[in-house]
Amino acid sequence: MTVDVHWSVTDTPKNHAAPLLSVRHLSTDFVSAEGKVAHALEDVSFDVRPGETLGLVGESGCGKTTTMMSLMRLLPAAGRITSGQVLFDGKDLLALSENQMRGYRWKEMAMVFQSAMNALNPVYTVAEQIREAILLHGVMDRSAADKRVEELLDRVGIAKTRKNQYPHQYSGGMRQRAMIAMALACQPRLLFADEPTTALDVMVQAQVLELLKTIQRELGLAVVLVTHDLGVVAEICDSVVVMYGGKVAEYGPIDLVYNHPQHPYTQRLLEAFPDLNKPGDVLASIPGYPPRLNALPPGCRFEPRCHRKIEICASVSPKLIDVSQAQEEGTLRGKKEGELSSLRHVAACHLCQGPEVTY
Amino acid sequence: MNRRDYLLRKLLMALVTLAVVVLMDFYLFRVLPGDPVRAVIGRNVRISREAQEALRVQFGLDKPIFPDQFLATVAQWATGNLGLSWSFRKPVTEILAAKLGNTLILVTLGQLLSIVLGVALGLFAGWKRKTAVDVSSLAFSLVTWAIPTFWLGIILLAAGSTWLGLPTGGALDTSNLDKPLWETLPDRAYHLILPTLTFTIVYLGEYMLIMRSSVLEVLSEDYILTAKAKGLSHWQILRRHALKNAMLPIITLIALNLGFTVAGAIYIETVFSYDGLGKLFQDALDKQDFPLLQGAFLLLAVTVIGANLVADLLYTYLDPRVKAT
Amino acid sequence: MSERWTLLKRNLLDFWKVFGRNRPGMLGAFLLASSLFLAIFAPWLTPHKPTDTMRDANGKAMTFASPAEHGPLGTDDAGRDVWTGLVYGSRISLMVGFVAGLLSMVIGSLLGILAGYFGGWVDNLLMRATDVLLVIPDIPLTLILVASVRQLNLGVSPLVILILVIGLLYWTSTARLIRSQVLTIKERQFVARARAIGAGHAHIILKHIIPQVMPLIVANTVLIVSTAILVESGLAFLGLGDPTQPSWGTMINFAFDRNAITNGAWWFYLPPGLAIVWVSLGCVLLGNVLEEMLNPRLASHHLEDESHMVARPATESAVKG
């Protein structure tokens with residue numbers, strides 16, 4: 001399957017900038033009450049440039065939400081970040097105290113959750129909750145904050161007259177848009193969106209995605225979009241990280257990953273998309289089950305389900321390989337030296353040819 | 001849901017409950033005892049056959065029980081006439097009115113203390129789970145639940161009067177019975193210490209447990225995570241987001257608890273010979289004074305029903321999900 | 001049949017493995033078991049009868065003798081051995097508590113199952129009835145019911161009246177609990193499947209609903225029994241027990257009425273109360289643990305301690321990426 005990527009990702013200005021967020025070798029464990037350890041994340045690394053939209057995809061349990069929660073340090077009580085760095089504007093967020101971290105939350109990086117009914121407090125009005133965010137971090141007084149609340153709601157397409165209503169009086173799509181408005185309240189530079197459209201029906205989904213795209217363009221916002229829906233990623237993402245079993249399987253600009261997938265998992269994922277042009281074809285699926293995070297195999301985590309495995313896959317864990325050079329991608333890339341290093345297409349598979357990646 | 005509809009439904013339920021109470025009260029004390037004349041004038045009163053017949057006609061007891069006697073009784077009660085007490089030889093209403101104040105003070109004071117302390121402890125215990133405060137509060141609640149109210153009163157009475165010289169009973173000293181209210185306040189307060197302490201201990205555990213449960217549930221909700229992501233501190237989140245949501249079930253509980261609180265008052269007042277409605281109820285029981293029992297029960301039930309209704313009204317103002325659309 | 005038996009045995013074994021490690025639960029079980037032991041083996045645990053008067057060397061009745069003078073728990077106002085009273089009293093307290101609790105549990109479970117399963121007007125009626133009953137103050141209601149029934153002089157033991165009144169009034173919490181559980185079970189697939197193959201209501205209720213709801217019923221019974229024991233003790237304290245068959249509550253009633261407090265005879269009113277606490281605590285611990293095992297609570301909430309979240313070894317200050 002080839003994905004029609006409408007715009008060229010390779011020549012936009014944002015590709016030249018230094019990364020806003022650099023995740024390096026992030027590893028997270030979950031420790032149960034009895035002491036059993038599940039390795040939810042291992043050695044996860046990727047970059048997010050200013051204004052870039054990064055998709056984090058994978059099946060349930062692959063670690064995409066855990067990654068996001070680790071970055072904002074909002075893991076549940078059992079979570080432990082065991083190694084790595086999270087560099088925001090060069091500063092390691094993991095080295096901060098909880099107090100200092102709070103200063104970053106919402107002001108520099110904000111979050112939009114899945115459209116759960118209860119992501120907004122049911123006993124306060126929408127306006128009150130957005131205003132709380134503004135007053136907490138901003139330097140505005142109350143009346144200025146009130147005006148800003150109206151601006152924000154207006155930007156996401158919610159009528160001013162509804163600002164003093166309660167969350168239960170909003171529809172699902174409206175609630176999601178209200179959450180986006182709230183997330184933008186302090187003008188963050190990075191927005192995390194956790195399955196923002198999963199609970200919505202298709203029409204509303206399109207609306208919300210359109211909104212995200214518009215806002216991002218207008219504000220130059222960087223977005224990390226966590227989802228299992230490849231179609232959504234194709235629509236609005238510049239680059240994508242494919243995760244499997246807590247590790248990065250493949251990562252790169254979207255046109256490269258979608259059109260020339262290197263990792264067998266990515267290949268199967270893309271194949272699983274029904275092709276409207278071939279209605280009679282049997283739907284492809286990936287047999288087997290995701291790995292158990294407290295009993296991980298020594299080799300590649302995808303090996304039990306892989307359709308292209310070789311002997312070494314079961315015993316040795318594959319390193320990340322830079323596959324950019326080995327591909328016939330000359331037509332899509334400028335040969336400017338400075339860009340290449342930040343537009344790497346990497347995959348963790350023994351079958352890939354190319355230099356090892358060291359972050 | 002519409003507030004008006006919600007309240008109308010609650011009002012209807014209150015009326016139904018009231019009807020059940022009235023029916024039961026009438027049946028148990030007028031019908032069940034058998035001879036209705038006896039039921040009205042008492043058991044130990046000697047009376048000639050002619051006088052009995054005259055009374056029978058005078059009280060309308062020759063008419064059928066339902067609906068005539070019943071409706072007559074209801075009409076009588078509605079006007080505040082609850083009959084004549086057999087043991088006191090005074091109108092029941094008068095007796096009840098005299099004792100009401102003492103019970104109100106005791107119950108209000110005890111409940112207020114246990115609510116305030118219980119809610120505070122419950123908030124802390126739910127927030128800081130598995131810490132010493134949480135574990136010891138849980139243990140305390142468990143144990144106080146298992147302790148019979150009257151026995152706790154006895155223990156405190158024995159300990160308090162023996163070791164601390166606190167009064168052994170009564171609402172106030174007998175020498176102060178005829179003094180005006182403000183003069184007797186310190187004495188009353190002195191007599192209230194042990195009964196109120198008993199009351200508070202008994203209900204403190206329960207409020208703590210409910211508040212803790214409520215807090216645990218609220219703190220697991222998504223909007224708490226949102227608040228955390230916004231950069232609020234734990235204390236800010238507790239105060240602004242968790243507290244209001246966690247308190248909602250407490251309001252309902254306080255109202256519901258009123259019935260059980262009345263029970264507590266009966267035991268505590270009996271043990272401490274505290275001159276209130278509870279002790280009156282117990283005395284009436286002892287002496288088999290039916291009109292008094294009947295009237296006291298009616299008063300207690302009506303108060304609880306009324307309080308529940310007020311709590312329902314309050315709830316609609318606190319929970320926006322029950323506002324008028 | 002034997003297959004079901006082996007399955008049951010295995011489930012019980014699994015249950016025991018988890019329960020055995022639970023300290024509050026085991027404590028509760030011990031408290032309860034020891035009380036039962038006391039009740040069952042009462043005659044063997046004391047040489048006296050509850051009505052025996054203890055006499056001193058001169059033949060005088062030993063009234064309010066302290067435990068130092070007459071062990072292990074002294075005597076009451078009439079010279080009867082308190083320990084004997086306690087031990088025989090356990091039979092009354094436990095018997096009334098268990099039977100009343102069982103009665104209320106049966107009524108509550110039945111109503112709860114019917115309301116949950118059939119829904120509609122049956123459910124509505126039940127819920128309104130419980131609402132009404134819950135608002136009316138329980139002890140005054142119980143008191144007037146017992147009082148008016150007793151003066152009918154029906155010739156039944158006061159204990160029977162107590163059991164009936166308690167059983168008939170305290171079923172509401174059970175009914176609500178079981179009803180909501182049945183509602184959840186009803187949603188599950190196998191009920192729809194059973195209906196699809198034409199199974200009748202009775203069959204579904206007996207074969208599918210009841211087995212699923214039974215563990216909760218058992219857990220709840222323990223708690224209801226403790227409520228019944230506490231209520232009985234209260235009513236007995238107020239004089240509504242059977243003086244010829246004194247329960248622990250009746251003992252405290254005697255102690256209170258006969259001036260044990262002013263006489264400083266703590267051995268008369270302290271032990272029976274402690275016994276009530278012993279049993280109730282046991283029931284409550286056991287019941288809570290059982291309920292927790294059936295409806296486990298969430299593991300953690302969002303405001304837990306965060307100091308362990310970043311658990312990596314210390315690094316030097318921020319490195320430029």
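The bend at a residue is the angle between axes fitted to the seven residues ending there and the seven starting there. This is a predicted model, in which local features need pLDDT of at least 70, side-chain atom pairs count only at pLDDT 80 or more, and totals for chains, interfaces and linings use all residues. Residues are numbered from 1 along each chain as its sequence is written, while chains are lettered from A and ligands numbered from 1 in the order in which they are written.

View 1. H4(C) covers residues 82-118, 37 residues in total. Helices are DSSP runs of H or I with at least four residues, strands are runs of E with at least two, and both are numbered from the N terminus. From first C-alpha to last, H4(C) reaches 52 Å, close to the expected 54 Å; that expectation is 1.5 Å times one less than the number of residues. Look for the bend of about 30° at C:Gly89. Just past the end of H4(C), C:Gly119 takes a positive phi of about 60°.

**View 2. Chain C as a whole.** Chain C comes to 12 helices and 0 strands. Its radius of gyration is 26 Å, well over the 20 Å that the globule rule gives for 321 residues, so chain C is more spread out than a compact globule. (The radius is taken over C-alpha atoms, and the rule is 2.2 Å times the number of residues to the power 0.38.) Along the principal axes, the C-alpha trace of chain C spans about 95 × 70 × 45 Å. Of its 321 residues, 43% count as buried; buried is 20 or more other C-beta atoms within 10 Å of a residue's own, exposed is 12 or fewer, and partly exposed is in between, with C-beta atoms placed from the backbone.

**View 3. Around C:Thr75.** C:Thr75 sits in the loop between helix H3 (42-45) and H4 of chain C. Is C:Thr75 buried or exposed? With 26 C-beta neighbours inside 10 Å, C:Thr75 counts as buried. C:Met62 is 13 residues away along the chain, and the two C-alpha atoms are separated by 6.9 Å. Beyond four places in sequence, C:Thr75 is in contact with several residues, including C:Met54, C:Phe64, C:His70 and C:Asp81. Contact here takes C-beta atoms, placed from the backbone, that lie within 7 Å.

**View 4. Where chain C touches chain B.** This interface pairs 39 residues of chain C with 49 residues of chain B. On the chain C side, H5 (120-135), H6 (138-150), H10 (201-237), H11 (248-257) and H12 (266-294) each supply at least two residues. H12(C) gives the largest share, 9 residues. By class, the chain C side has 27 nonpolar, 9 polar and 3 charged residues. Nonpolar means Ala, Val, Leu, Ile, Met, Phe, Trp, Tyr, Cys and Pro, charged means Asp, Glu, Lys and Arg, and the others, Gly among them, are polar.

**View 5. Where chain C touches chain A.** Here 13 residues of chain C meet 20 residues of chain A. The chain C side has 4 nonpolar, 5 polar and 4 charged residues.

**View 6. Two loops with a positive phi.** Most residues other than glycine have a negative phi. A:Asp89 has a positive one, about 55°. A:Asp89 lies in the loop between strand S4 (79-88) and strand S5 (91-92) of chain A, and is partly exposed, with 17 other C-beta atoms within 10 Å. B:Ser273 also has a positive phi, near 50°. The loop that holds B:Ser273 runs between helix H10 (234-271) and helix H11 (277-287) of chain B, and B:Ser273 counts as partly exposed with 15 C-beta neighbours inside 10 Å.

View 7. pLDDT is the predictor's confidence in each residue, from 0 to 100. Chain C has a mean pLDDT of 86, with 97% of its residues at 70 or more. Within chain C, confidence is lowest in helix H9 (residues 189-196), at a mean of 74, and highest in H11(C), at 94. Residues 316-321 of chain C stay under 50. Where pLDDT is low, the predicted coordinates should not be read in detail. For chain B the mean is 85, and 92% of residues reach 70 or more. The model scores ipTM 0.87 and pTM 0.83.

Note on methods
Contact = placed C-beta atoms within 7 Å.
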